[in-house]
Amino acid sequence: MLLSQAIQQFDQYLSAIDRSEETRSGYQKDLTQLHRFLEERYNCPPYLEDIQLADLEAYLSWLKEEKGYAPASRSRNLYTLRSFYNYCYKKELVDRNIALSLENIKLPHKERQYLSEEEVNELVQAIDHDLIRLVVKFLYF
């Protein structure tokens, strides 16, 4: 089966199980990009059963090296691949879910930044509405 046909079936499945339009759109974008990557790599339309683990790894590497995707964006693409291959495996379009073998992408841990007391006072003084000012003070304390 052509990869493009599998992607179309997957989108129909997502619609049938009431996934949001944003989810469907994101998955469609990610999978279309994978399709284009494989089409350029092999100079022909890719078949789902011909895609190997090395192809998916090369795709994720390409997202990092060539496209400059941040870890969070690459992680989202990985999640898309896993979800797509999980669907394909359950529908018996592939013999095994090769996406499960992909390594997780490490996401950097961001330190939380808090407002200083001076910044909070400046914020509170800029609020004209008494109730909102009270709520902001309450949340701060």
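**Helix Packing and Selected Residues**

Trainee: Does Asp18 count as buried or exposed?
Mentor: The model under discussion is predicted, and in it Asp18 has a relative accessibility of 68%. A residue is called exposed when that figure is over 50%. Asp18 therefore counts as exposed.

Trainee: Where does Asp18 lie, and near what angle is its phi?
Mentor: Asp18 belongs to the loop between α1 and α2. Its phi is positive although the residue is not a glycine. The angle in question is near 60°.

Trainee: In which loop is Glu92 found, and what is its relative accessibility?
Mentor: Glu92 is located in the loop between α4 and α5 (117-126). Its phi is also a positive value, near 60°, in a residue other than glycine. Glu92 counts as exposed because its relative accessibility is 71%.

Trainee: How are α1 and α2 oriented to each other?
Mentor: Helix α1 covers residues 3-16 and helix α2 covers residues 21-42, and their axes come within 10 Å. The crossing angle is roughly 175°. Angles over 145 degrees count as roughly antiparallel, so the two helices, α1 and α2, are roughly antiparallel.

Trainee: Which residues of α2 meet α1?
Mentor: On the α1 side, the contact is made by Leu3, Ser4, Ile7, Phe10, Asp11, Leu14 and Ser15. Their counterparts in α2 are Arg24, Tyr27, Gln28, Leu31, Thr32, His35 and Leu38.

Trainee: Which residues does Asp11 contact beyond its neighbours within four places in sequence?
Mentor: Asp11 is found in helix α1. It counts as buried because its relative accessibility is 17%, below the 20% limit. With those sequence neighbours set aside, the residues in contact with Asp11 are Arg24 and Gln28.

Trainee: How is α1 oriented to α4, and which residues of α4 take part in the contact?
Mentor: The axes of α1 and helix α4 (residues 71-90) come within 10 Å and cross at roughly 95°. This value falls in the range of 65 to 115 degrees, so α1 is roughly perpendicular to α4. From α1, the contact involves Leu3, Ala6, Ile7, Gln9, Phe10 and Tyr13. From α4, it involves Ser83, Phe84 and Tyr87.

Trainee: Which residues does Leu31 touch, not counting those up to four places away in sequence?
Mentor: Leu31 lies in helix α2 and counts as buried because its relative accessibility is 1%. Its C-alpha atom is 8.4 Å from that of Asn77, a residue 46 places away along the chain. Once residues up to four places away are excluded, Leu31 touches Ile7, Phe10, Thr80, Leu81 and Phe84.

Trainee: Which residues form the aromatic cluster?
Mentor: A search of the whole structure returns 11 aromatic pairs. One aromatic cluster is formed by Phe10, Tyr13, Tyr27, Tyr79, Phe84, Tyr85 and Tyr87.

Trainee: Which residues does Gln33 touch, not counting those up to four places away in sequence?
Mentor: Gln33 lies in helix α2 and counts as buried because its relative accessibility is 10%. Between the C-alpha atoms of Gln33 and Ile51, which are 18 residues apart in sequence, the separation is 14 Å. Apart from residues up to four places away, Gln33 touches Tyr59, Trp62, Leu63, Lys67, Tyr69 and Asn77.

Trainee: How far is the backbone nitrogen of Gln52 from a polar atom of the side chain of Asp55?
Mentor: Asp55 is part of helix α3 (residues 53-65) and counts as buried because its relative accessibility is 3%. Beyond its neighbours within four places in sequence, it contacts Phe37, Leu38, Arg41, Tyr42 and Asp50. The distance from the backbone nitrogen of Gln52 to a polar atom of the Asp55 side chain is 2.9 Å.

Trainee: How many disulfides are there?
Mentor: Two cysteine sulfur atoms must lie within 2.5 Å to be a disulfide. The count by this rule is 0. For Cys44, which is in no disulfide, the nearest cysteine sulfur is that of Cys88, 18 Å away. Cys88 is likewise in no disulfide, and the total is 0.

Trainee: Which relative accessibility belongs to Cys44, and which to Cys88?
Mentor: Cys44 counts as partly exposed because its value is 36%. Cys88 counts as buried because its value is 0%.

Note on methods. Residues numbered from 1 in each chain as written. Predicted model: local features only at pLDDT ≥ 70, side-chain atom pairs only at ≥ 80, totals over all residues. Heavy atoms only, no water. Helix = DSSP H or I, 4+ residues; strand = E, 2+ residues; numbered from the N terminus. Buried < 20%, exposed > 50% of the residue type's maximum accessible area, 1.4 Å probe, protein only. Polar contact = N/O pair within 3.5 Å; in protein donor to acceptor, adjacent residues only side chain to side chain. Contact = heavy atoms within 4.5 Å. Phe/Tyr/Trp six-rings, centres within 6.5 Å; stacked < 30°, edge-to-face > 60°. Axes fitted to C-alpha atoms, helices over the stretch in contact; angles between N-to-C directions. Parallel < 35°, antiparallel > 145°, perpendicular 65-115°, else oblique.
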